Structure formats: structure tokens, C-alpha cells
Amino acid sequence: MAEHQHAHVEHPDMYDPESSKIGMWLFIFTELLLFGGLFIVYSVYRYMNPDAFHLAAEELNTFIGAFNTVILLVSSMTIAMSTTALQKGHKKVAIALVVITFIIGIGFLVNKYFEWGIKFSHGIWPGSEQMLNEMSQGEILFFGLYFVMTGLHALHIIVGLIIMGFAIRGVANGKVNAKRPSLLDNCGLYWHLVDLIWIFLFPLFYLIH
Amino acid sequence: MSEDKHQHIVPYRLYVIVLVALLALTFASIGITSIELGEFTVAAALIFAVLKSILVLTYFMHLKYDKPYIKLMVAFVFAIFVVVIVITFLDYLYRV
């Protein structure tokens, strides 16, 4: 975009897929350690409050969690396939696959909306009177972590959707193509990170009780 | 870019196989945690999660086809995470 001011200057092509990939991975490492820190907080509190965590986890709906796991795994496959389509030169297929991934991502958020909505209607949200008055310390910690970790994860879903928007635009106007796939590749890597985090969130919150 | 020459194109079929494996592991983990295993429930759930994440990292995130140094960096970050968990629990388990 800065090119507009220096339109007369010849810019060398700085495209470098390997550097792009390293940069993306370095960013993913920071994300892994961010969620990793939260997972450590979770495991310490679980260790200190085993019964409360056991009890609180029964409140969560395993079905909706499993459903979201399945659709997120499918979406990871579709965005991985879009890279293959782009490399084969099937531009339309690549776009269609990213669009499918995008729609599944929206579906995940819709489920999350209903899931959190049910919690809210039961009077469970961070700092709610129901939580402060009726729950033990351990249950409050469980739901606090539940909202923070699934909320932060949902935020990553939203960011992933925005990046997908740029990837779709890039593939559509030809700036992202078989010879310059980095934007789509990195978009995929980010989406897989989101999937990876959910792979751990799902059993820790929904399954262990 | 010389990179383009040895860029590996992963066939669609492989992604489908990986997805089927991931779904199978998901349902297996739901199944195994629904049985009362007591203390082992957490371990069982985590083992399945680790298996799934290895599949995602290896195939979806292309680590299998990446250069060794990228694999090494990823392994290093996970190793740091494991070390921090171990140290944290060494602290909590042996507190008086």
C-alpha cells in the first residue's frame, strides 16, 4: 500500500515463502505459549480442586462440544485442501474450499453463542450473583477458566475468519497463486492452530468429569 | 524462487484419510472418558488429544514436508511447555 507514495521507485520482489513460513511459525509459538500458560493454570487449579472441577464439568453439554470439534476438524481439512487446489491451479476450487471453511467457522461461533447463552440463562457468567453465592471456589475457577479460554479461542476464530477474507480476496484477484501461495498457506497454518487449541480445550472442559 | 521446484503437493485423498483418523480418535476419546476410569480419565483424554495434535501438526500443518529446522523449532517449543508443566507440578506436588 505504501507503494502509492513512491510509485516511481522500482521495488524488488521481496516475496520469500520460507521467511513467511518462519514468521508465521514464530507467531504460532507465541500463541501456543499463551494458551499453554492458561492450560497450566487450568491443570494446577484442577489438581487443587478435583471434586469441584468434576462437578462443574457436568454442567457442560458434551454433545455441543463434540459437534463443534467435528466441524472444526472438517474445516481444518477443507482449508488444507484449498492449498492443494491452489498448487494444482484450480483457483475456483481453492476459493470454494476457503469459503466452506469460513462458513464452518461461522457455524462454530453460532454454536458457541447458543452454548454461552444457555449458561447465561442459568445465571452463570463471570462474576454473576449465582456464581458468587452458590458455587464453591473451585467451581468459580472452573467457569472462570471456561469463559476465558473458550472466549479467547472464539476470538481466534474471529481473527481466522478475517484472515480468510484476505486470502479469498488474494486468490480471487490472482495475487495469491500457485507461485505465491504464502498468504493462503499462513491462513491455513493459523486456522490449524485454532483447531489444535480446541483439540485440547474439548477434552479438558467437556470430557473429563 | 527455487522453493517452487520442490514444493510438495499433498493429495486430497491424504487429507480425507487424516480427517477420518481425527474423527475416529475424537469419538474414541468421547467413548473412553464416558467409562468410569477414575484417575486415568484425564490421562486417557490427554493421550487422545496428543495423538490428534500430532496428526494435525504433521499433515495439516505440513511439518512432514518441511525442512528439519522447522520441525526442530516446533519440537523445541513443545519441549519448553512440557518442562514448564513438570517444574510447576514438582512445586505443587511437593509443597508442605
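This is a predicted model: local features need pLDDT of at least 70, side-chain atom pairs count only at pLDDT 80 or more; totals for chains, interfaces and linings use all residues.
Figure 1. Helix 3 of chain A covers residues 62-87, a run of 26 residues. From the first C-alpha to the last, the helix reaches 38 Å, close to the 38 Å expected at 1.5 Å a residue. Just after helix 3 of chain A comes A:G89, whose phi is positive, at about 85 degrees. In the chain as a whole, the secondary structure comes to seven helices and zero strands, and the pattern along the sequence of chain A reads α-α-α-α-α-α-α. The C-alpha trace of chain A spans about 70 × 30 × 25 Å along its principal axes.

**Figure 2. Helix 3 and helix 7 of chain A.** Two packed helices are described by the angle between their axes and the distance between the axes. Helix 7 of chain A comprises residues 182-207, and its axis comes within 10 Å of the axis of helix 3 of chain A, the two crossing at roughly 160 degrees. An angle over 145 degrees counts as roughly antiparallel, and helix 3 and helix 7 of chain A are therefore roughly antiparallel to each other. The crossing of these two helices is left-handed. On the side of helix 3 of chain A, the contact includes A:T62, A:G65, A:T69, A:L72 and A:L73. On the side of helix 7 of chain A, the contributors include A:L184, A:D185, A:W191, A:H192 and A:W198. By class, this contact of helix 3 with helix 7 of chain A holds 11 nonpolar, eight polar and two charged residues.

**Figure 3. Helix 3 of chain A against helix 1 of chain B.** Helix 1 of chain B is formed by residues 12-34 and packs with helix 3 of chain A at an angle of about 165 degrees, the axes being 10 Å apart. Helix 3 of chain A and helix 1 of chain B are therefore roughly antiparallel to each other. Their crossing is right-handed. Among the residues that helix 3 of chain A brings to this meeting are A:A66, A:V70, A:V74, A:M77 and A:M81. Helix 1 of chain B brings residues including B:Y12, B:Y15, B:L19, B:L22 and B:I30. The residues of this contact between helix 3 of chain A and helix 1 of chain B divide into 13 nonpolar, four polar and no charged.

**Figure 4. The contact between chain A and chain B.** The contact takes 34 residues from chain A and 35 residues from chain B. On the side of chain B that touches chain A, helix 1, helix 2 (40-60) and helix 3 (68-93) of chain B each supply at least two residues. Helix 2 of chain B gives the largest share of that side, 10 residues. Sorted by class, the residues of the side of chain B that touches chain A are 25 nonpolar, seven polar and three charged.

**Figure 5. Helix 1 and helix 6 of chain A.** Helix 1 of chain A (residues 17-48) packs with helix 6 of chain A at an angle of about 165 degrees, and their axes are 11 Å apart. That makes helix 1 of chain A roughly antiparallel to helix 6 of chain A. These helices cross in a left-handed manner. The contact is made by A:L38, A:V41, A:Y42 and A:Y45 of helix 1 and by A:L141, A:L145 and A:M149 of helix 6 of chain A. The residues of this contact of helix 1 with helix 6 of chain A are seven nonpolar, no polar and no charged.

Figure 6. A:I124 lies in the loop between helix 4 (91-121) and helix 5 (129-134) of chain A. A:I124 is buried because 21 other C-beta atoms lie within 10 Å, where 20 or more are required. Leaving aside residues up to four places away in sequence, A:I124 touches A:K119, A:Q130, A:M131 and A:F143. A:Q137 is found in helix 6 (residues 137-172) of chain A. A:Q137 counts as exposed because it has 11 C-beta neighbours inside 10 Å, where the limit is 12 or fewer. Of the 209 residues of chain A, 36% count as buried.

**Figure 7. B:H62 in a loop of chain B.** B:H62 lies in the loop between helix 2 and helix 3 of chain B. Most residues other than glycine have a negative phi. The phi of B:H62 is near 65 degrees, a positive value in a residue other than glycine. With 19 C-beta neighbours inside 10 Å, B:H62 counts as partly exposed.

Definitions and conventions
Residues are numbered from 1 along each chain as its sequence is written. Chains are lettered from A and ligands numbered from 1 in the order in which they are written. Helices (H or I, at least four residues) and strands (E, at least two) are DSSP runs, numbered from the N terminus. The expected span of a helix is 1.5 Å times one less than its number of residues. Axes are lines fitted to C-alpha atoms, for helices over the stretch in contact, and angles run from 0 to 180 degrees between N-to-C directions. Angles under 35 degrees count as roughly parallel, over 145 as roughly antiparallel, 65 to 115 as roughly perpendicular and the rest as oblique. A crossing is left-handed if the near helix is turned anticlockwise from the far one by less than a right angle, and right-handed if clockwise. Two residues are in contact if their C-beta atoms, placed from the backbone, lie within 7 Å. Ala, Val, Leu, Ile, Met, Phe, Trp, Tyr, Cys and Pro count as nonpolar, Asp, Glu, Lys and Arg as charged, and the others, Gly among them, as polar.
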